[in-house]
Amino acid sequence: MTDRFEIDRMVDTDRGVISRELFVNRDVFDAELERVFTRAWLLVGHEGLIPDPDDYFVSRMGKDSVILTRNQQNEIMVFLNSCPHRGMKVCRYDQGNEAVFTCPYHGWSFSTNRDRVEVPGQLVGVPHFEAGYSGNLDRVKWGLPRCPNVINYKGSIWASWDPDAPAFEDYLGDMKLYLDTALDHRDGAPGGSELLGGVQKWRIRCNWKTVSENFAGDLYHGISHQSANLAEIGMATGKSRRDALPLRHAIGFEGLGHGGLGFPPSYEERPFIPDQYGDPEIDAYYKQVRTARERRLGDRMRVGLVVGTIFPNMSFHADQPRSLAFAHPISETEVEMWRIYLVDADAPKAVKDMLRHYYMRYSGPGGMTESDDMENWTSVTAASEGAIARRHGFNYQLGMGKEQPVEGLRGAVDSGNYSEGNARIYYRRWAQFMKEMSWDDMAPPQTKSTVEVAHGD
Amino acid sequence: MGIDAQAELQRLLLKEDVGEFLAFEADLLDARRYEDWLALLTDDIRYWMPMARNTASDDTGREFTIEDEDVNWIDEGIETIRQRVAQLATGLHWAEQPPSRTSHMISNLRVLESSDGLDEVKTRCRFLVYRNRLEDEQNIFVGKRNDTLRRVNGSWKIARREIYLDQNVMLSKNLSVFF
């Protein structure tokens, strides 16, 4: 079948040119909803949003509203939040606790409790069941559609609608090690982070990929944040810069689409800066955590990351700040961004408070850094809608030909500090999905990890 | 004049005084006189904007994020508000470069409590902050504001500001204006 899109012409990473149609075209957007968002693994939430049985949190997958919930048997599940009868949202609160979801329109109700139903999501209440349906309504078939793949990965919850999707850890590949740096405890213990309360949600007039690409590995846009650097918004209030970091490398995963700005594997810790917070309790905590980390990881391999993207629309900050972001598609020129924030679960309150305040002044719509990103993204979009502008593809040639394999990581390439290598990898992956390739055909060449990776315990 | 009339007159004068101060503050913000605006804040100011959740009407305890516990839209003290002003002054803060046009409107002002010497008052009002920037971008921020004002050396200063924005999903791409 000849596709109506000339994907390879739109994504020409050999020349390093990508069409603006990816960011402003309605047909492309509609196809993405079907071809990308019904197949890929998507972040849907965090277990901290649903700690107890019957807790729920309303999330999104593509443009579909979904319910993330935990049933009485403690299984985490995801359902379409739309009544199979006439489409009403059966759950209209952001989060809460509900044993039975009852549609407010005609009163169909659904249960997830295996003590009550054979199949979670099954219909348990149908008004006029005998009189209207003569008792002949298939309660399983007309239950809430349930997402077949859901996984709790160190507290972060992911889902895919595709029954044939690869296992989540295969989908992540060795990008998993970088994701771990956000989800693990600072002392290196697996997991060990917890969610702060409050989900930031806001709208931006730009394409969702503009957000995901930005976080996948764009060190080049540092100039955008010069005002935040000059204002010294660092963690120790009033005297530290956010840009006082060693130069990050763009590390991307070919064939998977993920990438980030961070550090290649090493076998010892990066230098430790003592007493940088100006608060004895906080400084003592970081010193203690550092010592525990050195003891735990020893001379085994570890990686570090500042920011990254898991294809297609999940991004995360793994260092300071530490947060998980969702770029939900709304239209070809609008995205709804969500951010949730993590801290070490057992950190003292002073540390959690310091981090919470830093996160708020760094990220989100009130963030002194993120606010400038969003000005870029909206202007990029508005200036790409014209007929002439659309003829001029974007330049993604930075760092072309500089890609080097990364020892110790399967399928990873390091394309240098200032590079668009990760964006090229991201859009090559996007092209695979848009060409509706099978999972087998999309699978990256698997090369075995050459060294044993430090996982803490 | 009787005692009651005296008290009533004092109440009206106080409200007028407070209303004049808040209008003056709005003028400073809309004129982008941020350094002058900073001088209206006490050193121990709390400047806080929670996020609003959609909750059931019997679950309103969870409607707003919590000040000392949760992530909020904004939760600042004087040092970081000063950093925001410093960022605006760099001329490189693209979210406000070119600067937005804003109009801060205050209404429904009430003085809820006042200390005995009238040197600290708690007020409640509605705000409407209109922002227009670049060619056609506009935001309308509407909500309730609870302010604590303190008289320092004869002049009002803002010691606490709670900003309850009537939005769930923030419909503006950023919050690069003050409220």
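Are Phe57(A) and Trp338(A) buried or exposed? Both are buried, meaning under 20% relative accessible area, with exposed being over 50% and partly exposed in between (1.4 Å probe, protein chains only).

The views below come from a predicted model: local features need pLDDT of at least 70, side-chain atom pairs count only at pLDDT 80 or more, and totals for chains, interfaces and linings use all residues. Residues are numbered from 1 along each chain as its sequence is written, chains are lettered from A and ligands numbered from 1 in the order in which they are written, and side-chain values use heavy atoms, with hydrogens and water left out.

**View 1. Two aromatic pairs in chain A.** Over all chains, a search of the whole structure turns up 30 aromatic pairs (Phe, Tyr and six-membered Trp rings with centres within 6.5 Å; planes under 30 degrees apart are stacked, over 60 edge-to-face, the rest tilted). Trp41(A) and Phe168(A) have ring centres 5.3 Å apart and planes at 65°, so this pair is edge-to-face. Trp41(A) sits in the loop between helix 3 (26-35) and strand 3 (42-46) of chain A, while Phe168(A) is in helix 5 (residues 168-172), 127 residues apart. Helices (H or I, at least four residues) and strands (E, at least two) are DSSP runs, numbered from the N terminus. Trp41(A) and Phe168(A) are buried. Back to the pair from the opening: Phe57(A) and Trp338(A) are also edge-to-face, at 5.9 Å centre to centre and 75° between planes. Phe57(A) belongs to strand 4 (residues 55-61) and Trp338(A) to strand 20 (residues 334-344) of chain A, so the pair ties together parts 281 residues apart in sequence.

**View 2. A ring cluster and charges over rings.** Ring pairs join Phe23(A), Tyr171(A), Phe311(A), Phe394(A), Tyr396(A), Tyr426(A), Tyr427(A), Phe433(A) and Trp439(A) into a cluster. The cut-off here is NZ of Lys or CZ of Arg within 6 Å of the ring centre and within 35 degrees of the ring normal. Over in chain B, the charged end of Arg151(B) sits over the ring of Trp156(B), 4.2 Å from its centre.

**View 3. Arg39(A), a buried arginine.** Look for Arg39(A) in the loop between helix 3 and strand 3 of chain A. Its relative accessible area is 14%, so Arg39(A) counts as buried. The Arg39(A) side chain reaches the backbone oxygen of Met437(A) at 2.9 Å. Beyond its neighbours within four places in sequence, Arg39(A) is in contact (heavy atoms within 4.5 Å) with residues including Ser160(A), Asp162(A), Phe433(A), Glu436(A) and Trp439(A).

**View 4. Helix 6 of chain A.** How many of the 9 residues of helix 6 (residues 175-183) of chain A are buried? The count is 9 of 9, so the helix is largely enclosed by the rest of the structure. Among them are Lys176(A), Tyr178(A) and Asp180(A).

**View 5. The interface of chain A and chain B.** Here 42 residues of chain A are in contact with 40 of chain B. The two chains bury about 3,300 Å² between them, 55% of it on carbon and sulfur atoms; this is the accessible area (1.4 Å probe) lost on putting the two parts together, summed over both. On the chain A side, Arg356(A), Met360(A) and Glu375(A) lose the most area to chain B, together 16% of what that side buries. The rule finds 3 salt bridges across this interface (Lys or Arg side-chain nitrogen within 4 Å of an Asp or Glu carboxyl oxygen). Glu375(A) forms a salt bridge with Lys173(B), the closest N and O atoms being 2.8 Å apart.

View 6. Asp68(B) is in the loop between strand 1 (41-49) and strand 2 (74-76) of chain B, and at 52% relative accessibility it counts as exposed. Leaving aside neighbours within four places in sequence, Asp68(B) is in contact with Lys349(A), Asp353(A) and Arg356(A). Asp353(A) and Lys349(A) form a salt bridge of their own, with the closest N and O atoms 2.9 Å apart. Both lie in helix 10 of chain A, 4 residues apart, about one turn of the helix. Salt bridges link Lys349(A), Asp353(A), Arg356(A), Arg46(B), Glu67(B), Asp75(B), Arg160(B) and Glu162(B) in a network.

Methods. A polar contact is a pair of N or O atoms within 3.5 Å; within protein, one must be able to donate a hydrogen and the other to accept it, and residues adjacent in sequence count only if both atoms are side-chain atoms.
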